Amino acid sequence: MKIRAAVLEEFGQPLVVQELDLGEPRSGEVLVRLVACGVCHTDLYTASGVDPSGYAPCVLGHEGAGIVERVAGDVASLAPGDHVVTLFAPECGECVHCRSGRTNRCVAIRDQQGLGYLPDGTTRLSRGGEPMRHFMGTSTFAEYTVMPEIALARVSPEAPLEGCAPFACGLATGIGAVLYTAGVQPGSTCAVFGCGLVGLGAVIGARLAEADRIIAVDLSERRLESARHHGATDTRIAGDDVVDWIREETGGFGADYTFEATGSVHVMRQAVEAAREAWGLATMVGVAGKGETLDILPRLLITGRRVTGASFGGVKGRTQVPQLVDRWLAGEIDVDSLLSHRLTLDDVNRGFELMEAQDGIRSVIVFE
Ligand SMILES: [Zn+2]
Ligand SMILES: [Zn+2]
């Protein structure tokens, strides 16, 4: 079938919206009609050429939500009409990591996905007979996509799909880092560095985990206001004095849990230093630049701080994304206030501009 999609032709250049061919779903695959797709930093990171594993041409986009159009004959868990959230982190349920309760690092299709192929080592996308590679196994800056069944989470049909899109990446990453990676205990103190969509997700997660104090740190007063709306009890403009301030505010010790959601290694170091002596846990969620390293004084570890990290917040996508969407429907999460701009597919580059200008929290492409 013919589809319209936003193609990364060349690094550092605007995406080009054009017509492509999309093949029928093969064994274990599903054809999805996209209804909405968020524009995430990882798309921009790859488009800019900074991502060492990036390749072009390809169809970007990974924060998608849509409706199942057709399934291959051997697909049992999804049917036409199902509402789905796309997962760049699949959940096969059978691999050594899926069987463990400790991680979401499914290894079932990792190698082919990283190279831009579907699990059978081919692509469904093509142009003039030439195959075009997929991106993150999702390629959701497109009217339709073909994805593996194990990379689609079926969500409640009651949930508006525009609001489901951020659960495909940024929002679920922040909430998951708190609930599933750190396992925040009720009554604890959390500090969140960075209040973009991921950081606000962490603030929301800390509230859902019944943290007693939720400290939010950001350079922007507007974002701190947003953090307060979502549950932050204390806010602070970012700066070199922020670690000392958090220690003072917590009886000289530091926060029980800290979360880094900016991707700056300088801020990561602050998140480690602001974690409490004896049992503080610092969770790294932001993606650092190529080749950057995190400096930690070993004394901070010997005195009981721990450092961890997660991709997609440790969320087991097929199991837990539907649960998070249900919590939104139950009124526990305010998704609407996170969607700042609605764009058409043709405006996709505008989504990148808004992100670079830090204008709003999340731009969402809404398909006609
Ligand atoms: Zn993302
Ligand atoms: Zn797996």
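User: Across which strands does helix α8 lie, and at what angle to β14 does it run?

Analyst: Helix α8, residues 265–273, lies across β11 (189–193), β14, β15 and β16 and runs at about 175° to β14; contact requires C-beta atoms, placed from the backbone, within 7 Å, and angles run from 0 to 180 degrees between N-to-C directions of axes fitted to C-alpha atoms, for helices over the stretch in contact. The model is predicted, with local features needing pLDDT of at least 70 and side-chain atom pairs 80 or more, while totals for chains, interfaces and linings use all residues. Residues are numbered from 1 along each chain as its sequence is written, and chains are lettered from A and ligands numbered from 1 in the order in which they are written.

User: What makes β14 and β15 a pair?

Analyst: Pairing needs at least two DSSP bridges, and β14 (residues 257–260) and β15 (residues 281–284) have four, in the parallel sense; in β15, T283 is the bridge partner of F259.

User: Why is the sheet called open?

Analyst: Its order is β13-β12-β11-β14-β15-β16, and the edge strands β13 (234–237) and β16 (306–309) each pair on one side only.

User: What makes the buried residues of α7 line one face?

Analyst: In α7 (residues 242–249), V242, V243 and I246 are buried, that is, 20 or more other C-beta atoms lie within 10 Å of their own. Seen down the axis, they fall within an arc of 105°, so they line one face of the helix, the arc being that of directions from the axis to the C-beta atoms. On the other side, D244 and E248 are exposed, the cut-off being 12 or fewer.

Technical notes:
Helix = DSSP H or I, 4+ residues; strand = E, 2+ residues; numbered from the N terminus. Contact = placed C-beta atoms within 7 Å.
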